[in-house]
Amino acid sequence: MEILSNLALGFSVALNPFTLFLAVVGCFLGTIIGALPGLGPSNGVAILIPLAFTMGLDATSALVLLTSVYYGAMYGGRISSILLNIPGDEPALMTTLDGYPMARQGRAGDALVISGVASFVGAMLATIGLVIFAPMLARIAYKFGPAEYFALYLLAFATLGGVGSKNQAKAVIATCIGLGIAMIGLDNSTGMPRFTYGNLHMMDGIDFLVAIVGLFAITEVFFFIETHGKGSAIGVKLEKVTIPIKDLIFTSGAMLRGSGIGFIAGILPGAGASLGSFLAYMAEKSVAGKSGRFGQGDPRGIAAPEAGNNAAAGGALIPMLTLGVPGSGTTAVLLALLMTLNITPGPTLFKDNPEVVWGLIASLLIANVVLLIMNIPMVKIFVKVLMVPAWVLLPGVTMISFVGIYSLTGSYFDLVLMVAFGVMGYFLRKLDIPTVPVILGILLGNKMEDNLRNAMVVSNGDWTYLFSSGIAIGLWTAAILGFVAPIFLRRFLKRPPQPLDAEAD
Amino acid sequence: MRMTLLKALGTSALISLGATTAMATECIAPADAGGGWDFTCRQIGKLLYDLKLVPNPVQVTNMAGAGGGLAYANVVNERNTDADLIVAASSATTTRLAQNAYGGATADQVRWVGTIGGDPGVIVVAKDSPFQTLSDLVEAIKADPSKVTFAGGSAAGGFDHLKPLMIMKVAGFTDARSVKYIGLNGGAEAITQTIGGFTQAMTGDISEITGFIRSGDVRALAILTPERVAGFEDIPTAKEQGYDVVVVNWRGLYVPKGISDDAFNAWATKLQAVADSAEWKAVMEANGLAPFTLVGADFQGWIDGVVADTTVLSREIGVIQ
């Protein structure tokens with residue numbers, strides 16, 4: 001029972017008081033961040049990365065803190081979805097469809113409990129899936145050469161563009177911006193600097209953390225200034241919270257199905273939690289058939305997507321840890337963190353840093369239990385936080401961003417760059433161009449390019465090498481389908497009406 | 001308002017930095033915390049103080065950027081006479097200087113104090129590879145260079161790329177450009193590609209692949225040290241196989257050019273004392289470093305040779321014109 005002894009190692013790392021403390025703090029902050037409209041898991045993790053560096057945390061502690069935030073945000077997103085009809089983060093979008101109607105019918109408490117339990121089920125099953133499948137996937141990685149990796153990165157960009165946004169063309173533009181930025185710096189394949197204009201600051205390329213904090217946090221501040229921080233009032237009253245056992249039993253099937261779908265969606269690079277919750281909701285709707293009252297407050301309509309998006313969060317960790325390919329925007333940020341800590345996620349991570357991986361898995365299990373406790377009996381605390389005025393919150397975010405990035409790179413140049421990215425993010429969002437593909441482009445662009453060029457070196461310039469294995473062909477097919485299919489599918493699966501503020505997410 | 005505050009913060013940080021350097025030795029690690037240069041500064045700095053070679057604890061400053069280029073430019077342009085400053089360096093520093101990757105800076109703009117340990121270069125193949133000895137590999141490349149690709153953890157033209165090229169050169173193979181190499185993000189990725197059979201050999205440092213050698217997934221064909229290394233006695237050196245190539249990723253220090261000869265010699269003596277200490281030997285053992293000590297004028301001469309060789313080789317493969 002290798003898994004059990006590995007888990008024991010993990011718990012021995014995770015159960016030290018400091019790590020446990022970080023997990024609790026991370027869960028708490030994560031839930032708040034998730035609950036606040038506009039701040040999702042990727043912003044939350046991006047904002048807290050500099051903090052982790054400022055505190056001088058080692059790799060395991062930093063990872064525990066940030067994944068707790070990640071899981072916490074996945075839980076927290078549902079709170080504002082249900083109470084405000086504003087998704088706290090993008091994956092919580094589907095939860096608004098039935099959550100808010102339930103709340104208006106005076107069942108806000110029930111909705112919060114059901115979604116909380118669904119989140120727990122999804123996250124728990126996904127973490128168990130991570131334990132079972134991650135080592136298996138790690139072994140598969142020896143089958144991945146330059147051609148396969150190139151196809152894999154292509155798949156990440158294709159599915160992200162196809163599913164993660166409303167408009168393929170805009171996703172392509174965003175991806176190209178990211179890929180272009182990624183070209184700055186030393187070219188791995190020739191050893192020559194590109195687009196540096198002789199500036200030594202640019203030789204290492206653009207630090208993706210600077211880009212992430214700029215595009216998410218700083219952009220958020222610009223939008224806040226523009227809207228004069230329009231209100232955050234709760235429209236629905238929260239009565240006493242009780243446990244609706246009957247509903248929990250009724251929705252258990254939805255939770256299990258949602259978890260399965262979400263987990264698989266999470267594993268697919270670039271698909272992530274939004275896709276997970278979307279597919280889980282759609283699947284549940286078709287399973288229920290005519291008996292469902294979806295869109296009018298059906299409990300299954302919150303159980304399925306919440307289980308789905310939390311399971312996807314766990315699933316997305318698998319490709320990130322074993323292949324070094326993030327399955328979502330948030331895991332992209334986590335990947336950046338790991339690389340900054342000199343840990344290269346990939347096939348050898350489980351071998352080289354077992355204490356990091358299993359410590360992480362153990363702390364995810366702990367975080368889940370902590371989150372269940374926080375999110376059911378203590379849910380009222382988070383509801384209160386939603387009433388903190390944004391003019392208190394956002395300046396704080398700005399301060400953390402500046403201090404954090406400066407402590408990370410020690411360079412004034414990077415601060416200017418961060419603000420520049422903030423301005424860019426503002427215009428991109430005004431143009432409704434998604435920013436996540438930009439980040440992915442910066443993060444993965446070099447790797448994709450290097451793998452393409454490595455494939456050409458290995459094969460002496462024979463382009464058919466790119467399609468020379470079953471894995472490569474499968475990935476190419478999936479990438480093309482993932483990009484093209486949503487264009488046609490969208491006609492059949494008419495997207496749910498988007499709440500006004502979801503655009504700003 | 002916020003910008004003013006930030007400027008004030010920055011200024012105060014600079015003032016405090018200036019104040020501390022006047023009193024204590026400062027060691028610049030030209031990279032973020034956690035990497036090899038940071039390790040060099042922290043370990044040597046700690047031993048300098050523990051062995052009472054310096055009066056105050058050594059301050060470590062992380063100055064990341066341009067693969068060490070920012071720190072180099074800073075030392076050359078702004079700290080040229082600071083006798084209390086030492087800077088961590090390694091093979092990567094001289095390789096980049098030789099390839100003009102530091103924006104026009106050259107290796108003679110600082111003084112090279114010494115190296116006190118190194119990570120030996122190594123050439124490995126997968127356990128099921130047909131190549132049993134270094135000669136097998138070399139002859140295969142000579143017969144048809146397009147059949148063999150090396151994977152390494154540095155960019156093209158980087159330190160890992162140069163290792164097989166130096167071996168091929170000694171073997172009388174002059175067409176360096178035809179030797180295929182793919183640069184990956186670190187030794188772990190390079191070894192994975194080699195085990196997976198996508199590349200035929202891997203070039204790296206021994207510390208990167210110790211786990212894979214122990215697990216039997218790979219076979220080391222040659223270690224690039226003058227003699228066999230303790231702990232890896234069954235790996236033959238390239239030299240004993242007839243290829244006189246020594247490539248060690250050394251860890252050492254440079255100091256500003258403008259300090260007096262006395263100050264330079266004092267640093268050389270101190271570094272030698274660190275190298276001779278039992279504490280340093282324990283540090284090396286714990287971190288997979290092999291003894292590789294060259295100090296003072298010897299080191300300066302060796303560096304000149306390395307830079308010249310690297311320049312020639314880089315020109316042959318087209319990394320510099």
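Modeller: Chain B splits into domain 1 (2–118 + 248–317) and domain 2 (120–241), with bounds taken from an automatic or database domain assignment. It's a predicted model, where local features need pLDDT of at least 70, side-chain atom pairs count only at pLDDT 80 or more, and totals for chains, interfaces and linings use all residues. Residues are numbered from 1 along each chain as its sequence is written, while chains are lettered from A and ligands numbered from 1 in the order in which they are written.

Biologist: Which element gives the most to the side of domain 1 of chain B that touches domain 2 of chain B?

Modeller: Residues are in contact if their C-beta atoms, placed from the backbone, lie within 7 Å. The contact takes 14 residues from domain 1 of chain B and 17 residues from domain 2 of chain B. On the domain 1 side, the elements giving two or more residues are helix H4 (91–98), strand E9 (248–256) and helix H11 (297–317) of chain B; helices (H or I, at least four residues) and strands (E, at least two) are DSSP runs, numbered from the N terminus. The top giver, with 5 residues, is H11(B).

Biologist: Why is H4(B) called oblique to H11(B)?

Modeller: Angles run from 0 to 180 degrees between N-to-C directions, and axes are lines fitted to C-alpha atoms, for helices over the stretch in contact. Under 35 degrees is roughly parallel, over 145 roughly antiparallel, 65 to 115 roughly perpendicular and the rest oblique. H4(B) and H11(B) pack at about 55°, with their axes 8 Å apart. That angle makes H4(B) to H11(B) oblique.

Terms used. Two residues are in contact if their C-beta atoms, placed from the backbone, lie within 7 Å.
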